[in-house]
Amino acid sequence: MKNYLKNTFILGTLFLFGCSSLTEKKESASIIIKNGTILTMDKNNTVIENGVIIIKNEKIISIGKDELLKKYSTTKIIDAENGIIMPGMINTHNHLPMIAFRGLGEEGIKNRLFAYFFPLESEKLSRDLIYKATVHGTIDMALSGVTTYADMYYHMDEMAKATKEVGIRGVLGETVIKYPVVDAKEPYGGINYAINFIEEYKNDELIIPAFGPHAPYTVSKEKMQEINSLSKKYNVPIMIHVGEFDDEDKRLNLKNKSVVEYMDSIGVLNERVLLAHAIHLNEKDLDIIKNKKASIAYNPMANAKGATGIARAHEMINKNIKVGLGTDGPMSSNQVDLFRTLSYASSMQRLKYNDRTIMTPDLVVKMATIGGAEALNLDNKIGSIESGKLADIIIVETKSPNMMPNYNPFATLVFQANSSNVETTIVNGKIIVENKKLKTYDIEKNRKQMKEIEKDIADFAKDLAKKAKETN
Ligand SMILES: [Zn+2]
C-alpha cells in the first residue's frame, strides 16, 4: 500500500512536471523574422549572421540568434532566406508630388525652373493631383525600401492622407515662401497652413508635421524668425534649402557673410533645422552647423544631375555633423528610392577628394539609415534595429544575379543592389510589402490614376516644350 502511494506520488509529480514543461508558455510575438544577415546599424555597427528579430505590435522587442525561437511564438514568421535585414531607409529630402512631372524637360533646357517647374506647379497642382501623386510616390518608396521620407511641398494634409494609406512614415514640411502659391493666396500663407496641419497631425503615429521655409533668399528675416519660434513652440522640424546655388549670398545681398552665418546671426540655426543640399559652404559654415547641432540632407544624385556641385559630405561626417541622404524631388533626380543615391554618395565624394579610401559602404548605409534618423531627430525611435525601437525594417534578397556574390553586405547594398531587390518592407510593425508585392493599396487603381494624370500633363507639356525650344 505504502509503495503504491509512493509510486502514484512519483508518477503524479512526473506527470505534473511533464505537463508544466509542455504547457510552458512561449511569449507571443506579432512577427518573427529569421534566417538573414541583420545589419543593426547600432552604435557598434553590430552585424548578426543568421539573426532573429522579434516584433510585437509596432516595436522590436528582441534581436539575437535562433535561441529566441524557443522563447517566442507567432502566427507570422518571415524567412529572410539569407537576405540582408536592415533598418528601413530614410530619404531626408524630397518634393514627392512632383513625381507626376518626372521625365519632363530633360532635353537640356537651360532654365528648366521657369520653363517647366513653375508653369506645371501653377497650372496643374490640385489637391487631387497631390494626393494621387503622393500615393504613387509612397508606393514607389515602399517597394524600394524607404520607410521614412522628409518632404517640403504643398497641401500637406493630402500628402499625409496618402502617406498613411500606403503606410510609410512622412516628415511633412508645408512650404513657406514669399510668393502666392497653390495652397496659399497670400505671401507666407504657408505659415498658417502649417499651423493647422501641425495641430491636426502632432500626435500621429506615422506623420511628423514640419515647417518647410523654401530658402533664406525666398523667406524674409522676420518670417524666418517667426517660423523658428513656432517650431520651438510646437517642437517640430524646420527643413530649408541652403547652399544649393553658389550665388545665394548675392541674392540675400550679404556683404562679407555666408548664408549660414546669416542664418546663425538671425538666430534660426539650431537642432530642429535640417539644411537641404549644403553644397556651397566653407569650413567655417560647417563648424557653425556643428556647434548649433543643425543637420544636413546630402543629395548627391540630384546635385550631379542638376550640376549644382558636390557637398563636403566627407568633411561633414568627420566633424560629426548629422548627415542623411536625400533624393530631392522627382524632377531633380527622377528616383525616390535611395539605391542609386547610395552609390553616388560614395563615388561623388571619392571624385571630389580624389581619394578612393573615403566614404566606405558602411558609412553610406549609415547615412541612409541611422544618419537620416539623427538628421531628423528621430534616432530614439527609428534608424536602427534595436530592442525598443519602432519596427521599420526591410529585407533585401540576395538571390538575384546582381546580388551575387555577396561578400560584404554593405558593399553589395551600395554598389550592386537596386530597388527591385527589396523583398519585404515593414513599417511601424506592419507588413507593407511582402514577396515584392504591395499589401496596402490597390496597385491597379494607382496605375490607372497615374495614367490619367500622365495623359493630361503630356498635352500641357507639349506647349511647354515648344516655348522652351523658342527661348532656349
Ligand atoms: Zn529640394
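In this predicted model, His 155 touches Arg 127, Ile 130, Glu 174, Val 182, Asp 183 and Tyr 193, leaving aside residues up to four places away in sequence.

**Setting of His 155**

- His 155 sits in the loop that runs between β9 (146-153) and α5 (156-166).
- The relative accessible area of His 155 is 8%, which is under 20%, so the residue is classed as buried.
- Two of the residues touched by His 155, Arg 127 and Ile 130, also take part in the contact of α4 with α5.

**Zinc site**

- The zinc ion has as its protein donors His 93 (NE2), His 95 (NE2), His 241 (NE2) and Asp 328 (OD), at 2.1 to 2.5 Å from the ion.
- In sequence, these donor residues follow the spacing H-x1-H-x145-H-x86-D.
- His 93 belongs to strand β8 (residues 89-94) and His 241 to strand β12 (residues 238-242), so this pair ties together parts that are 148 residues apart in sequence.
- The angles subtended by the four donor atoms around the zinc ion run from 85 to 175°, and the arrangement is therefore irregular.
- For comparison, ideal angles at a metal with four tetrahedral donors are 109.5 degrees.
- His 93 is buried, with a relative accessible area of 2%.
- His 241 is likewise buried, its relative accessible area being 5%.

**Helices α4 and α5**

- Helix α4 (residues 127-143) and α5 cross at roughly 35°, and their axes come within 8 Å.
- This crossing of α4 and α5 is right-handed.
- On the α4 side the contact is made by Arg 127, Ile 130, Tyr 131, Thr 134, Val 135, Thr 138, Ile 139 and Ala 142.
- The α5 side contributes Asp 157, Glu 158, Met 159, Lys 161, Ala 162, Thr 163, Glu 165 and Val 166.
- By class, the residues of the contact of α4 with α5 are eight nonpolar, three polar and five charged.

**Helices α3 and α16**

- Helix α3 (residues 112-124) packs with helix α16 (residues 443-471) at an angle of about 140°, the axes lying 11 Å apart.
- The crossing in which α3 passes α16 is right-handed.
- From α3, the contact involves Ala 115, Tyr 116, Pro 119, Leu 120, Glu 123 and Lys 124.
- From α16, the contact involves Asp 456, Ile 457, Phe 460, Ala 461, Leu 464, Ala 465 and Ala 468.
- The residues of the contact of α3 with α16 comprise 10 nonpolar and three charged, with no polar residue.

Terms used
Residues numbered from 1 in each chain as written. Predicted model: local features only at pLDDT ≥ 70, side-chain atom pairs only at ≥ 80, totals over all residues. Heavy atoms only, no water. Helix = DSSP H or I, 4+ residues; strand = E, 2+ residues; numbered from the N terminus. Buried < 20%, exposed > 50% of the residue type's maximum accessible area, 1.4 Å probe, protein only. Contact = heavy atoms within 4.5 Å. Donors = N, O, S within 2.8 Å, 3.2 Å for Na, K, Ca; no water. Tetrahedral: all angles 85-135°; square planar, octahedral: opposite > 155°, others 65-115°. Axes fitted to C-alpha atoms, helices over the stretch in contact; angles between N-to-C directions. Left-handed = near helix turned anticlockwise from the far one by under 90°. Nonpolar A, V, L, I, M, F, W, Y, C, P; charged D, E, K, R; others polar.
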